[in-house]
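Visitor: Hi! Could you walk me through this model in plain words?
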Amino acid sequence: MMHPPMGRPGRGGPHTQESIKGISIREVSGKLIKHSNDYLLPVIIALILAAVGAVLTIAGPNQLGKITDYISEALYGNINMSGIAQVGIFLITIYLISAVCTFIQHFIMSTVTLRVSNRLRKDISDKINRVPLKYFNKTPFGDVLSRMTNDIQLLAQALSNSLPSVVTAIAQFAGCLIMMFVTEWRMALAAVASTILGFIIMMVIVSRSQRYFSQQQTSLGILNGYVEEMYSGHDVVKLSKASRQMNERFKGMNKEVYSANSKSQFLSGIMQPLMTFIGNLGYVAVCVVGSVLVLNGNVNFSVIVAFIMYVRLFTSPLSTLAQGMTNLQSAIAAGKRVFDFLDEEEMEDENEKRDINFDVKGEVEFKHVRFSYPDKPDEIIIKDFSAKIEPGQKVAIVGPTGAGKTTIVNLLMRFFELNSGKILIDGVPTSDMKREKVHSLFSMVLQDTWMFEGTVRENLVYDKEGVSDEQLEEACKACGIYELIMSLPHGFDTVLSENTTISAGQKQLFTIARAMIQNNPMLILDEATSSVDTRTELIAQKAMDTLMQNRTSFVIAHRLSTIKNSDLILVLKDGDIIEQGNHEQLLKKNGFYAELYKSQFEKAS
């Protein structure tokens, strides 16, 4: 399990833009086929069944024409009921087979769609843990969430509905075209001529509207990212009286979504009435040409009846194709966003690294560490950091904002890779360890508390296995939250949700208890008591003192009064250690630390 990184929030600004490139159906479909290769055969069978179901319906008009002939002959003699019955039985049979094929096709595609969607969501979830953090520095979390929900949903709908509909429409269109030319080529030419215009216009609209579907999905992802940011910081927005400013920015993004949606939907909306008009034009053309041919004795009246039905079957696929292509365009744009994320650069594969298993004593050494964030390689944050921490020591890292305190801890956890230098734990470079191994060595208590919807027990135990009730109770008593938990309706089995009243200070005590239960050999505390009241701070400080016993601990603190008892204080400024020692030693030096301490003391007094 990967701990969340500290500092540098993993999200881009609300206006993070994604380049809109030309989207290739071949590119997206190729990746989808490769990604869902296990289901390729069922999909092919389903599409064949869809085509067969469509083709079977094409036999109907010709048979109905025969019934018309039987009825016409009855005007001059006896009606051939046996012939009509045979035609009726034949029609019922082919329509029944067509319905069965369509049902099986829908069942297969629905099943495949659910499994493909499930796999894509799982792959995105797994991918999130493999992409480097620099990706989240430029991309909002909400945008990634949009890919996992909206984009995959659109892709699933296209697989389940639009793709079979398009295949059915093509099969029906081609079958009707063949049957019309076989039945009467002159009337077929009249029908085809009236629909060629529809094809041309449809292809023009499809080619022009694709970029708007891409903009639609991109702008929706940006909007989701912004909404996620604003709602997660809703209290700050309210306290800062920034609601008006936030609403203005939201309106701008919402306008972009509206603009892209309106353009794409307008162009796609043109297709349906256009195809209806072309279909009606085909009816008129067939009726006019058919009437002339009947008057000249070239064809029977039954041919006109059959052709009117063929024209309906011939033009309806155009409407289906128009709607299907609209949906497929949205799905292609969504699919590109999904596969673009799945194709993102990943962290170095560490499968070849051997598992390093040893009893961790907690000796940590920084050797000439140099670092800059990947998105700003020329801006060196840590210039030449060296320090050695003995096992069990409590190390405080202090300094002004931007000095590199949190960055040091991020590097210690291997959330980022060093530009140069080494970090060693018990003499073993962290670069030689798997990231999961490094993470498992530390428990973390951060300034921002994190509680998820689940039982109290689940929140405390999290991913730790084999935790007994006695261990839970001991940790909760040490952190002063045992009585609170016992006052809840179901104790440790109470489900925590938004409706459960737990203060910020109590949540912080929960995170300290969670760190106790994790019982990892080293500990990181990042301003763990900065947002709690004085009484809770005393309880938390006592709990953390218990937690830090016999553990190498790294404490990031702005209030220097809380770290006076540290074994070692590292004073950072501009990415370098400018002073180190314990509290008394640093005060005697009367240097930068002494100035910081005195300034805080003066403010407090």
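Guide: Happy to. Let's start with strand β10 (residues 552–556): five of its five residues are buried, so β10 is largely enclosed by the rest of the structure. Buried means under 20% relative accessible area, with exposed over 50% and partly exposed in between (1.4 Å probe, protein chains only). Strands (E, at least two residues) and helices (H or I, at least four) are DSSP runs, numbered from the N terminus.

Visitor: Before we go on, what should I know about where this comes from?

Guide: This is a predicted model, in which local features need pLDDT of at least 70 and side-chain atom pairs count only at pLDDT 80 or more, while totals for chains, interfaces and linings use all residues. Residues are numbered from 1 along each chain as its sequence is written, and side-chain values use heavy atoms, with hydrogens and water left out.

Visitor: Which strands pair with β10?

Guide: Strand β3 (residues 394–398) pairs with β10 in the parallel sense over four bridges, and V395 stands opposite F554. Strand β9 (residues 522–526) is also parallel to β10, over five bridges, with L525 opposite V555. To count as a pair, two strands need at least two bridges found by DSSP.

Visitor: What's the strand order in that sheet?

Guide: The order is β6-β9-β10-β3-β11-β12, an open sheet of six strands with mixed pairing. β6 (442–445) and β12 (576–581) are at the edges with a single partner strand each, so one side of each has no neighbour in the sheet. Further in, β3 and β11 (residues 568–573) pair in the parallel sense over four bridges, and V398 has V571 as its bridge partner.

Visitor: Which strands does α15 lie across?

Guide: Helix α15 lies across β6 and β9, and runs at about 175° to β6. Axes are lines fitted to C-alpha atoms, for helices over the stretch in contact, and angles run from 0 to 180 degrees between N-to-C directions.

Visitor: And how does α15 sit against α16, parallel or antiparallel?

Guide: Their axes come within 10 Å and cross at roughly 5°. That makes α15 roughly parallel to α16 (under 35 degrees; over 145 is roughly antiparallel, 65 to 115 roughly perpendicular and the rest oblique). Residues making the contact include L509 and I512 of α15 and I539 and A543 of α16.

Visitor: Is Q518 buried or exposed?

Guide: Q518 counts as buried, at 11% relative accessibility. This residue is in α15 (residues 504–518). Leaving out residues up to four places away in sequence, Q518 touches S443, V461, Y462, D463 and K464; contact means heavy atoms within 4.5 Å.

Visitor: New topic: which residues touch the most other members in the largest nonpolar core?

Guide: Those are F366, F385, F442 and F554, in a core of 74 residues. Helix α9 (residues 301–342) gives the most to this core, with nine residues. A nonpolar core is a set of buried Ala, Val, Leu, Ile, Met, Phe, Trp, Tyr and Cys residues joined through side-chain atoms within 4.5 Å.

Visitor: What does F385 touch?

Guide: Its contacts include F366, V369, I408 and L570, not counting residues up to four places away in sequence.
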